[in-house]
Amino acid sequence: MVYKAVMAAGTKVLPSSQFNKTGKLDDTTKAQFVELIEDVQAATGDEVVIMGTKSALSKLNGMIATEWISNGMKDERHTTGRLGIWEGIRLVEIPQSFAPNDTSKKLVDNTKLLIMPVADNKFIKIFNEGEANIKEVNDGNTNMDMTIEYEFQKKMGVATIVGKKFGMWTIAG
């Protein structure tokens, strides 16, 4: 529920054409990707991080010329499967998970990268409304087996309020 709200919030950042981009991650789109990062930094005035699944973050390697990479960076990539920093920007991995009782359905989209400001930007709001209602059934006529039933009712939800701009890159192909 919260993850779906985060992904849907990307379309609420206006202008959408400036902060939501789609394309492959290679030499031809590197300038657009860097421009998206610069736009988020300029709009917020904060340092940014790139967030995504291990699979999505590993696609950033397609924009790196490997002939100049140091041995330390090669060791880091070998041990973690990805670089921890890309073009001076910290990478943050979002753990992948499966739907309950279904290992064929992944819950986190492997084609999305979020460019998030490192700031107090709590744009996901989880709310509980009202008091909990409990309905108890304990008379012998309703349940002939002498069991007691409880029904617990509570209203809750998730919403997004975008205060600081952030970017979203959808990896094509």
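Predicted model: local features only at pLDDT ≥ 70, side-chain atom pairs only at ≥ 80, totals over all residues.
Let me begin with F33, which counts as buried because its relative accessibility is 0%, where buried means under 20% relative accessible area, exposed over 50% and partly exposed in between, with a 1.4 Å probe and protein chains only. Residues are numbered from 1 along each chain as its sequence is written, and side-chain values use heavy atoms, with hydrogens and water left out.

A search of the whole structure for aromatic pairs finds three; here rings of Phe, Tyr and Trp, the last by its six-membered ring, pair if their centres lie within 6.5 Å, and planes under 30 degrees apart count as stacked, over 60 as edge-to-face and the rest as tilted. One of them joins F33 and W86, whose ring centres are 5.3 Å apart with planes at 70°, so the pair is edge-to-face. Since F33 sits in helix α3 (residues 30-44) and W86 in strand β3 (residues 85-86), this pair ties together parts that are 53 residues apart in sequence; helices (H or I, at least four residues) and strands (E, at least two) are DSSP runs, numbered from the N terminus. W86 also counts as buried, at 2% relative accessibility.

F33 pairs with W169 as well, with ring centres 5.3 Å apart and planes at 90°, so this pair too is edge-to-face. It links distant parts of the chain, with F33 in helix α3 and W169 in strand β10 (residues 167-171), 136 residues apart. W169 is itself buried, its relative accessible area being 0%, and ring pairs link F33, W86 and W169 into a cluster.

What surrounds W86? Leaving aside residues up to four places away in sequence, W86 touches K30, F33, V34, I37, I50, L60, M63, I64 and L91, a contact being heavy atoms within 4.5 Å.

Finally, in helix α1 (residues 2-9) the buried residues are A5, V6, M7 and A9, and what covers them includes β7 (112-117), β8 (124-137), β9 (149-160) and β10.
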